[in-house]
Amino acid sequence: MLTEEEKTEIEEHLAALPVRRSGCIDALNVVQRHRRWVSDESVRDIAAFLGMTPDEVDSVATFYSLIFRRPVGRHAILLCDSASCWIMGQENLLDLLEKRLGIGLGQTTEDDRFTLLSVACLGACDRAPALMIDDDLYGPVGAETLDGILERYE
Amino acid sequence: MMERPLTQHIVPNREPLSAEEYEKVGGYGAVRKILGGIAPQDVTRMVKDSGLRGRGGAGFPTGLKWGFVPMGDAAPRPKYLAVNGDEMEPGTFKDRVLLEGNPHLLLEGILVVSYATQLDTAFVFLRAEYKLAAARMRQAIGEAYARGWLGKNILGSGFSLDVHVHTSAGRYICGEETGMINSLEGRRAAPRAKPPFPPVVGLWGKPTVTNNVETLCCVPSIVVNGPQWFKNLSRGDDGGTKLYGVSGKVKRPGAWELPMGTTVREILEEHAGGMRDGLSLRGFLPGGASTDFLTDAHLDVKMDFASIEKAGSRLGTGTTIVLDDETCPVGLVLNLTRFFAQESCGWCTPCREGLPWLASILSDLENGQGRASDLKILEEHTRLLGPGNTYCALAPGAMEPIASALKHFREDFERHLRGKRCPWRSAG
Ligand SMILES: Cc1cc2nc3c(=O)[nH]c(=O)nc-3n(C[C@H](O)[C@H](O)[C@H](O)COP(=O)(O)O)c2cc1C
Ligand code: SF4
Ligand code: FES
């Protein structure tokens with residue numbers, strides 16, 4: 001079931017759109033913001049709310065790389081793996097992250113604190129290598145700064 | 001002093017100007033001027049005369065595009081604007097500077113194009129990760145409504161406009177203009193077949209202008225100071241200034257607003273501070289991931305559309321990725337190709353099937369498992385995936401770094417083949 005709050009937020013997006021189903025990505029974003037990820041049940045709920053079939057909603061949900069169709073931890077780490085960051089040492093940063101967290105790309109720490117994901121160019125190439133945690137952008141990130149950054153996220 | 005119409009009111013690490021502050025420094029002057037009695041067609045003509053070309057990558061003349069929108073009482077309504085703030089081209093970080101730094105300048109540009117083409121509703125399409133940009137844009141839109149710059153009957157002119165922010169959810173292909181239109185309709189962002197082109201048939205089947213963030217930020221100054229003033233800002237044939245950027249192993253990576261047509265050398269050496277100590281320049285991608293490599297033989301080329309094209313590449317987004325001599329060109333091309341393979345929307349076969357294959361060949365080469373025939377296969381594909389064989393420019397764009405790397409760095413590919421390893425990685 002969508003909560004009243006979720007429904008209200010989705011309706012706010014729909015107000016700008018001539019067609020209800022055009023709010024599909026907005027609805028997925030709203031649900032994910034509240035629940036961290038989008039479950040099969042949420043896909044069905046969104047479909048019902050927008051007058052679509054669950055398959056239609058899922059075909060959209062699975063297209064977009066930042067809609068999570070599997071559970072993620074409390075904080076998602078998005079590590080840029082594009083060209084400028086790669087030049088500036090992204091592979092070392094990934095090694096470092098994997099060691100610190102004890103997980104590989106696509107995995108979640110056992111305490112559910114972090115999920116480690118790679119992402120295309122974050123538009124912060126002048127601060128490479130860059131990463132995002134939740135809504136916060138960091139760069140350049142190196143061995144000296146990484147621990148201090150991770151500590152901010154419980 | 002050098003004129004900087006795009007960034008004059010941007011101070012790094014400071015909150016952007018509020019609507020009220022922006023008005024005090026002359027902001028929304030372009031809107032006052034046009035609503036005070038310039039005909040829409042005349043606004044479009046000014047933009048045509050200014051020589052402004054799109055800053056989103058393709059360099060399409062902006063005024064010409066606006067001129068394709070059906071006008072008059074018989075035109076289909078509503079008409080839409082989709083502002084392209086997807087900015088996912090690797091190496092590109094210029095629209096972020098504008099979105100975060102001065103959202104009211106973009107709104108002013110939005111108002112100008114919307115009046116010129118008499119459209120009703122604008123969507124600002126922002127990539128998912130631009131959270132700060134989205135927050136500042138929403139704040140600015142709220143202020144603009146409150147002060148009467150948006151909404152019904154703006155300045156009593158009878159002209160009305162609504163602006164909404166759409167935040168995306170990932171995928172580079174959303175930046176392709178018809179992919180963006182599908183995405184705004186809530187669909188998968190596969191591009192649409194063209195024609196029809198968006199100015200005639202776009203969002204929900206209605207006429208839709210698509211423009212890049214930086215393009216629209218150029219527009220207010222054209223209206224206020226005139227097309228000739230804008231033309232004169234440039235050192236080349238295309239009008240205006242350009243927000244150039246540099247990333248890679250230079251001393252001071254960053255973005256700077258400079259006259260259009262500034263030379264590569266001035267940008268790399270004066271503004272980016274030159275290469276880091278001990279490193280030298282091997283080559284550079286002048287305008288983002290989907291442009292051809294140029295080399296140190298091209299340092300005196302002007303960074304404008306025509307000059308860069310003559311040198312064998314594209315201005316693209318005008319943000320340069322620098323390749324130094326301690327970075328493996330094959331590894332860089334592999335990284336770029338993996339990106340394009342991952343971001344292919346999968347609609348056309350050459351792109352969907354070809355890019356992963358090319359990535360796997362490049363990966364073999366990089367890891368010392370290349371075959372003698374690989375370079376020929378790569379070369380063939382730069383033609384097979386080139387212009388004319390796919391629905392959108394993603395695949396042809398992906399071929400530009402490969403084709404040009406095979407030209408300029410052929411010896412490096414061959415060293416990988418001969419030595420059966422990457423010369424830039426330590427043995428073992
Ligand atoms: C794969 C692909 C990705 C693109 N991404 C962007 C983008 O992120 N931002 C952008 O403004 N244009 C992008 N473009 C170019 C747009 O299709 C379009 O040309 C541009 O937004 C038009 O605006 P302009 O004329 O003001 O440059 C992309 C094109 C392709 C083929
Ligand atoms: S070229 Fe690639 S990204 Fe573009 S439409 Fe075809 S499959 Fe999609
Ligand atoms: S390449 Fe990493 S932020 Fe652009």
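**Entry 1: a salt bridge in chain B**

I note here that the model is a predicted one. I then asked how many salt bridges are counted between domain 1 of chain B and domain 3 of chain B. The count is 1.

**Entry 2: domain 1 against domain 3**

For contacts, I found 10 residues of domain 1 of chain B touching 10 residues of domain 3 of chain B. The two domains bury about 900 Å² between them, and 74% of that area is on carbon and sulfur atoms. Which three residues supply more than any other three of the area that domain 1 of chain B buries against domain 3? I read off B:Arg171, B:Tyr172 and B:Pro191, which supply 47% of it.

I also looked for polar contacts across this interface and have 3 residue pairs, both members at pLDDT 80 or more. By class, I counted 7 nonpolar, no polar and 3 charged residues on the side of domain 1 of chain B that touches domain 3.

**Entry 3: ligand 1**

I listed what surrounds ligand 1 and got 20 residues, the closest being B:Gly56, B:Lys65, B:Glu87, B:Asn212 and B:Thr215. I then checked distances to oxygen atoms of the ligand. For B:Asn212, an N or O atom in the side chain is 2.7 Å from an oxygen atom of ligand 1. For B:Gly56, a backbone N or O atom lies 2.8 Å from one. For B:Glu177, a polar backbone atom is 3.0 Å from one. How much of the accessible area that ligand 1 has on its own does the protein cover? I have 90% of 610 Å².

**Entry 4: chain A and chain B**

Last, I turned to the two chains. I found 39 residues of chain A in contact with 53 residues of chain B. Chain A and chain B bury about 3,400 Å² between them, 60% of it on carbon and sulfur atoms.

I counted 20 residue pairs in polar contact between the chains, both members at pLDDT 80 or more. The salt bridges across this interface number 2. I looked up B:Lys131, which forms a salt bridge with A:Asp135, the closest N and O atoms being 3.7 Å apart.

Note on methods
Residues numbered from 1 in each chain as written. Chains lettered and ligands numbered in written order. Predicted model: local features only at pLDDT ≥ 70, side-chain atom pairs only at ≥ 80, totals over all residues. Heavy atoms only, no water. Contact = heavy atoms within 4.5 Å. Buried area = accessible area lost by both parts, 1.4 Å probe. Salt bridge = Lys/Arg side-chain N within 4 Å of Asp/Glu carboxyl O. Polar contact = N/O pair within 3.5 Å; in protein donor to acceptor, adjacent residues only side chain to side chain. Nonpolar A, V, L, I, M, F, W, Y, C, P; charged D, E, K, R; others polar. Near = heavy atom within 4 Å. Areas by Shrake-Rupley, 256 points an atom, 1.4 Å probe, with all protein chains shown as cover.
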